Amino acid sequence: MTDTSAAPGGDRHASYPDALIKSILRSVKTIAMVGASPNWNRPSYFAMKYLQDKGYRVIPVNPGAVGQEILGEKVYASLREIPDKVDMVDIFRASEFAPPIADDAIAIGAKVLWMQLGVRNDAAAETAEKAGLTVVMNRCPKIEYGRLSGELGWHGFNSGVISSKRRKI
Amino acid sequence: MSIKSRYGFETLSIHAGASPDPATGARSTPIYQTTAFVFDDVDHAASLFNLQTFGYIYGRLTNPTTAVLEERIASLEGGRGATCTASGHSAQLLAFFPLMQPGDEFVSSRRLYGGSVTQFTRTFQKFGWKGVLVDADDPETVRKAITPKTKAVFCESLANPGGVISDIEALAKVAHDAGLPLIVDNTMATPYLCRPIDWGADLVIHSTTKFLSGHGNAMGGAVVDSGTFDWAKDDRFPSLCKPEPAYHGLTFTETFGDLAYTIYGHAIGLRDLGPTMAPMNAYLTILGCETLALRMQRHIENAQKVAEYLDGHPEVAWVSYAGLPSNKYRALAQKYLPKGAGSVFTIGVKGGYQAGVKVVESVDLFSHLANIGDTRSLIIHPASTTHRQLNPEQQVAAGAGPDVLRLSIGLESIDDIIRDLDQALAQASRLAA
């Protein structure tokens, strides 16, 4: 049950149904995080650590950190170099870098293209959607997981969830 | 603009934030009467201390019972998140804390609860914060008072002791034109009567001690963030948009997006200033919120009847209630509080100081005390109590002249409320005769 306001002007990406976000978070197992930082106080590190704690495998992609590990995972220079199957690509880069990442996401067979809070590129989204991917933009999977599981409410946030059932993702 | 919900106000009042307890299935929110919470392991502890994962550490920062109330109040106000505090006064402190540095200023309406005037102009000085109080009835006066050091504009939606209503939309425009947030104290109106975020407010604060808890039994405050003000658009709010040394250089706006202000409230504000709401008080306030709509309906119904009755009473010189047709703030009341103008207002008794004293000493049902927003009807004579230290000229300027009585109309039977006031006014009139 969602509380987010209706999309103004028919913008499909202004809000997403809770059911869509839940189905993504339930079905995805492996996430490639483009722009994952080895610095522990960067937002991407926060999100990667949280998602690992929730049982996801997160594979970092960052050409500037090749040869390192982040949170126990080998860093790759690009999505195309990852040898394992990737379910979702999470973009932690500025919006203008999204189109080639979307092309790579399609090429490696990802099912979901997710752009972080503050990241939105409608052309990249259209390309990915035409190739059959589900696209979420301007959202953080950590915050969405926390919101839908009730954890965000632990810190006083308005999750928008009303339910007489015990919460689970 | 506020976060819209597909649920009605009454549903949110009862359910928001309060799904069954995840551990036990308890349907009513349990009182987590504990100071601290165990860590799974050292790594989990580190993640929590680094703010990398959601979870509980220590009761000064967060508590599961209080968190339910925070989500409840955030939902009712249409905000992104809320931080509950030990009192309304500490909510004001926590609201300004992320915005202000030593030497900074804020501009406030001067029509405030008297205790806020003292806090803003005296106590905040000790932090190097300057509260500039102006007549906010004319928004241009507020505009002229803004300087490069100003960090916020402040008003009460429905101002204590009553009758005064702020033009929230106009004040929001003045604040936003200057790149500043508007903070609105919504204690007297409650989100049932007015939702300031709908009119452009960026932050909303409450003394939950009043109508939200509603039964005169639990101290508390709340700071609600709309989540829509961009704290990082320039360098004016370094606490939020610059690296925070106390968290190893983390930048709140970058890491937490629109959650930044509320996370700062818990992780820095409550952590380092310490005015935490007690879990028991959070529970009582949750209980109060569940009946907020029902209580407010009766509060305003009773208040309107009492105001109309007193307006024609031979011992009453004037009634300052925005629900009366003759009131100066009637038009603003119809815009911002269409359901009703609250249940706290002032009256002037004929016979001045002695008559005022006689009325508060003669009431039998009204309680003579310094609070508002109780199920019980309350009365106070400011000139002989809360404003006693002022000289007569200052008392009049503060709306606390010798003849002024403040009433907070409760939920008792309306005939009993009116009869009690009537007999007390009769005793005061015999004094004058």
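How far apart do the C-alpha centres of domain 1 of chain B and domain 2 of chain B lie? In this predicted model, the separation of the two centres is 30 Å. The domain assignment of chain B places residues 9-289 in domain 1 and residues 294-432 in domain 2. Between these domains, 23 residues of domain 1 are in contact with 28 residues of domain 2. On the domain 1 side, β6 (164-165) and α8 (190-193) of chain B each contribute at least two residues. The largest share of that side, 3 residues, belongs to α8(B). The domain 1 side consists of 12 nonpolar, 9 polar and 2 charged residues.

Chain B also touches chain A, with 41 residues of chain B in contact with 29 residues of chain A. The elements that supply two or more residues to the chain B side are α1 (9-15), α3 (64-77), β1 (81-85), α10 (252-256) and α11 (260-273) of chain B. Of these, α3(B) provides the largest share, 6 residues. Sorted by class, the side of chain B that touches chain A comprises 14 nonpolar, 21 polar and 6 charged residues.

Within chain A, the axes of helix α1 (residues 18-27) and helix α5 (residues 141-149) come within 11 Å and cross at roughly 110°. Because angles of 65 to 115 degrees count as roughly perpendicular, α1(A) is roughly perpendicular to α5(A).

Definitions and conventions
Residues are numbered from 1 along each chain as its sequence is written. Chains are lettered from A and ligands numbered from 1 in the order in which they are written. This is a predicted model: local features need pLDDT of at least 70, side-chain atom pairs count only at pLDDT 80 or more; totals for chains, interfaces and linings use all residues. Axes are lines fitted to C-alpha atoms, for helices over the stretch in contact, and angles run from 0 to 180 degrees between N-to-C directions. Helices (H or I, at least four residues) and strands (E, at least two) are DSSP runs, numbered from the N terminus. Angles under 35 degrees count as roughly parallel, over 145 as roughly antiparallel, 65 to 115 as roughly perpendicular and the rest as oblique. Two residues are in contact if their C-beta atoms, placed from the backbone, lie within 7 Å. Ala, Val, Leu, Ile, Met, Phe, Trp, Tyr, Cys and Pro count as nonpolar, Asp, Glu, Lys and Arg as charged, and the others, Gly among them, as polar. Domain bounds come from an automatic or database domain assignment.
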